[in-house]
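Keep the 3D view open while you read.

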Amino acid sequence: MSTITAPRGVRDILPEESWKWAHVLSATGKIAYAHSYREIHLPVFEQTDLFSRGIGETTDVVEKEMYTFLDRGKRSLTLRPEATASMVRAYLQNKMQSDQQPVKLWCAGPMFRYERPQKGRYRQFWQIDVEALGSDNPLVDVEVISVALALFEDLGLSNLDVVINSVGCPACRPAYREELQTYFSDHIDELCETCKSRLHRNPLRILDCKNERCREITENAPDIYSSLCQECRVHFDAVLDGLRMLGIHFHLDKRLVRGLDYYTKTAFEVLSGELGAQNAVCGGGRYDNLSEAVGGPHLPGVGFAAGLERIVLIMEQQQCSFGRKPSIDIYVVSADETSRKEAFSLVTELRKNGLKADLDFLDRSMKAQFKSAVSKESKFTCILGESEISEGTVTLKDLRTGEQVAVPRQEAASYVLSRI
Ligand code: HAM
């Protein structure tokens, strides 16, 4: 029988990497709370309708990428492909409209999309998701972008590019859609197969097609800015002014339309040259009609999600610091058979005194135990043998300096604690 492996596109985050994730998540908490965003934990699966109605029936995510299944009660459920729709659902279900607005929340966790795996693209991946619900003030858009950038700065990421666009609203977008349809109809034969099928269902998505010929054609496509209604234009100008006020550099990108249909007005991404084809480390925008799409009242909102794997990838490539790698303070080495049990009790004492301590469980030689101490990057070893037990002492060795001392057993913890 062949051994079972993880499904394609999902992977284990091994201890060599997981401590780096912990660093990013801890920085996220710090930055989010500094901006007064509070953490929420959301379910990993939701009713399928939340996503199909919220994200949009004609999006790639809903059409091709969702992990949807029937549960034993024949209800259609979907592993969340993103967190924004769930945030809105949680806001409505928990009646957060009676809290002070905007309600500012963040979460982190795994998302699931059936995409073709490649560097920085997985079928299970983690997002850090930050949302502000209940305000249409353009300064909230600016705040959300500045939270993302504050996080990236805190983590030491450099050479990032902020791109921004306005995708209009239901008042002005239909006319723009029509303009695009007319323009692209004249080039229908030159478009890639995917874009041909997008022409009537979702012509805006043609604008961000990666195909070279489609890109050439979109160069001369009508510009969304000239189609924006007064309200969208004023909003967009205010967002750009706010960004300038905070000294945030950005590029306008009229092709940026994003892959989720709920966006209104602001759409933005943060790109990194370090990521190859999947160059977005973060994407977000405003979604003032998402709540209505899932059956709720009018609820403006804006937010972003950043890919955790992609953040770590950039940090590794740019040799950013992940803080201190977890290691142990002390490794207890048993010098002989009789001291093995006592070593276990000593390790327990040391742990109770606040030390990160470990020992051997495989009855290995002293030499092998020392090797373990080194490979676990322990700062000290503590040697315990028959003579030490009878004298009530232990021999401590500082592995960084080679210095070795005998101390009374009850003083071992305080000795090490004062030197780490
Ligand atoms: P998104 O652009 O689909 O937006 O995803 C946001 C980020 O998640 C991407 O920029 C990328 O870093 C990461 N990501 C997406 N798909 C994958 C994948 N297959 N593998 C690895 N990383 C991936 C959203 O999900 C929106 N909910 C963002 C948002 C929040 N808009 C408003 N609020």
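Here is a short tour of the sheet, a helix lying on it, and the cavities. Bear in mind that this is a predicted model.

Start with the sheet. Strands of a sheet pair through backbone hydrogen bonds, either parallel or antiparallel. Here, eight strands make an open sheet with mixed pairing, and the order across it is S1-S5-S6-S11-S10-S9-S7-S8. At the edges you'll find strand S1 (38-39) and strand S8 (251-252), each pairing on one side only.

Strand S7 (residues 160-166) pairs with S8 in the parallel sense, over two bridges. Helix H9 (residues 230-245) lies across S7, S8, strand S9 (266-272) and strand S10 (280-286). H9 runs at about 160 degrees to S7.

How many cavities of 30 Å³ or more does the structure hold? There are two, and here they are:

| Cavity | Volume | Lining by class |
|---|---|---|
| Largest | about 40 Å³ | five nonpolar, one polar, three charged |

The lining of the largest cavity includes Tyr176, Asp223, Lys254 and Arg255.

Around the second largest cavity sit Thr28, Ile31, Ala32, Val130, Val147, Leu151 and Phe304. Helix H1 (15-34) and helix H5 (138-155) each supply at least two residues of that lining. Which helix gives the most? That's H1, with three residues.

Technical notes:
Residues numbered from 1 in each chain as written. Predicted model: local features only at pLDDT ≥ 70, side-chain atom pairs only at ≥ 80, totals over all residues. Heavy atoms only, no water. Pairing = 2+ DSSP bridges. Helix = DSSP H or I, 4+ residues; strand = E, 2+ residues; numbered from the N terminus. Contact = heavy atoms within 4.5 Å. Axes fitted to C-alpha atoms, helices over the stretch in contact; angles between N-to-C directions. 1 Å grid on protein atoms, 1.4 Å probe; cavity = no way out; pocket = protein on both sides within 12 Å on 5 of 7 lines; lining within 4 Å. Points joined across faces, edges and corners; volume = space filled by probe spheres on them. Nonpolar A, V, L, I, M, F, W, Y, C, P; charged D, E, K, R; others polar.
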